[in-house]
Amino acid sequence: MNSVEARQRVVGRWLVFLATFFWGTTATLARSVFRDHHVPAPTVVELRLVIAALLLFAWLAARKPSALRINAADLRYFLVLGLFGVAAVQGSYYYSIARFGVGLAILLQYLAPSLIVLWDLMRGRNPGPRLLIAVCVALAGTVLLVNGVDARALHASVLAWAIGLSSAVIFAFY
């Protein structure tokens with residue numbers, strides 16, 4: 001392995017570490033913002049997406065400006081992905097955090113891989129025993145994240161549960 005490949009591996013590992021760190025802290029931070037500062041979930045989602053879009057734009061403008069050019073034929077794809085993918089999954093996830101707490105919101109959203117495998121089964125595909133075992137183990141691990149269900153979750157409305165479960169469906173689409 002040459003020095004360029006070694007450097008790329010180190011950078012890659014740090015990027016994975018940072019992504020994991022930010023993923024792990026954002027939900028807890030969001031819950032604090034909802035509960036302690038009474039900021040509504042849609043406001044947090046809007047701020048998060050605007051800040052992310054501005055940072056991505058600045059990064060691409062500095063590193064690869066050609067990536068900012070979108071073909072007219074691709075505009076519809078990006079609008080659907082942006083609105084029904086990114087914005088919808090973030091909105092439903094943060095709504096779930098505000099209503100149910102971090103652990104249960106994560107559990108609901110991470111039903112998505114199970115839904116994808118279920119969809120494949122319904123379409124006649126055979127995912128194989130290893131994939132089914134992997135999905136079950138991953139789901140069990142996610143269940144272990146739920147440290148205790150907030151009492152408010154037990155009395156949440158049907159709409160709140162529907163939005164929480166839609167997080168998984170949207171994430172599977174996304």
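Tutor: Start with the surface. This is a predicted model. The accessible surface of the protein chain is about 12200 Å², and carbon and sulfur atoms account for 70% of that.

Student: What are the dimensions of the box the C-alpha atoms fill?

Tutor: Roughly 50 × 45 × 35 Å, taken along the principal axes.

Student: And how many helices and strands are there?

Tutor: Eight helices and zero strands. From the N terminus on, the order reads α-α-α-α-α-α-α-α.

Student: OK, inside now. What share of the residues is buried?

Tutor: Of the 174 residues in the protein chain, 23% are buried.

Student: Which residues form the largest nonpolar core?

Tutor: It has twelve residues. Among them are Ala-27, Phe-34, Val-44, Val-45, Tyr-94, Ile-97 and Ile-106. Helices H1, H2, H3 and H4 (102-109) each give at least two residues to this core.

Student: What about a second core?

Tutor: A separate one has seven residues, including Leu-104, Leu-107, Ala-153 and Ala-160.

Student: Back to H2. How far does H2 reach?

Tutor: H2 has 23 residues and spans 32 Å from its first C-alpha to its last. That is close to the 33 Å expected at 1.5 Å a residue.

Student: Which residues of H2 are buried?

Tutor: Ala-41, Val-44 and Val-45 are buried there. The buried residues of H2 pack against H1 (3-37) and H3.

Student: Zoom in on Val-45. What does Val-45 touch, leaving out residues up to four places away in sequence?

Tutor: Ala-87, Gln-90, Gly-91 and Tyr-94.

Student: New topic. Which residues make the nonpolar surface patch?

Tutor: Ile-70, Leu-75, Tyr-77, Phe-78, Leu-79, Val-80, Leu-83, Phe-84, Phe-173 and Tyr-174. Together they make a patch of about 1000 Å².

Student: Which helix gives the most to the patch?

Tutor: H3, residues 75-100, with seven residues.

Student: And where does Ile-70 lie?

Tutor: In the loop between H2 (41-63) and H3.

Student: Why does Ile-70 count as partly exposed?

Tutor: Because its relative accessibility is 48%. Buried means under 20% and exposed means over 50%, so a value in between is partly exposed.

Student: Where do nonpolar side chains tend to go in general?

Tutor: In soluble globular proteins, they tend to be buried together.

Student: Last one. How many of the contacts between residues at least 6 apart in sequence join residues at least 24 apart?

Tutor: In the protein chain, 78% of them do.

Notes: Residues are numbered from 1 along each chain as its sequence is written. This is a predicted model: local features need pLDDT of at least 70, side-chain atom pairs count only at pLDDT 80 or more; totals for chains, interfaces and linings use all residues. Side-chain values use heavy atoms; hydrogens and water are left out. Patches are made of residues with over 30% relative accessible area and no salt bridge: like charges are joined within 9 Å, nonpolar side chains (Val, Leu, Ile, Met, Phe, Trp, Tyr) within 5 Å. Accessible areas come from the Shrake-Rupley method with a 1.4 Å probe; for residues, only the protein chains shown count as cover. A salt bridge is a side-chain nitrogen of Lys or Arg within 4 Å of a carboxyl oxygen of Asp or Glu. Helices (H or I, at least four residues) and strands (E, at least two) are DSSP runs, numbered from the N terminus. Buried means under 20% relative accessible area, exposed over 50%, partly exposed in between (1.4 Å probe, protein chains only). The expected span of a helix is 1.5 Å times one less than its number of residues. Contact means heavy atoms within 4.5 Å. A nonpolar core is a set of buried Ala, Val, Leu, Ile, Met, Phe, Trp, Tyr and Cys residues joined through side-chain atoms within 4.5 Å.
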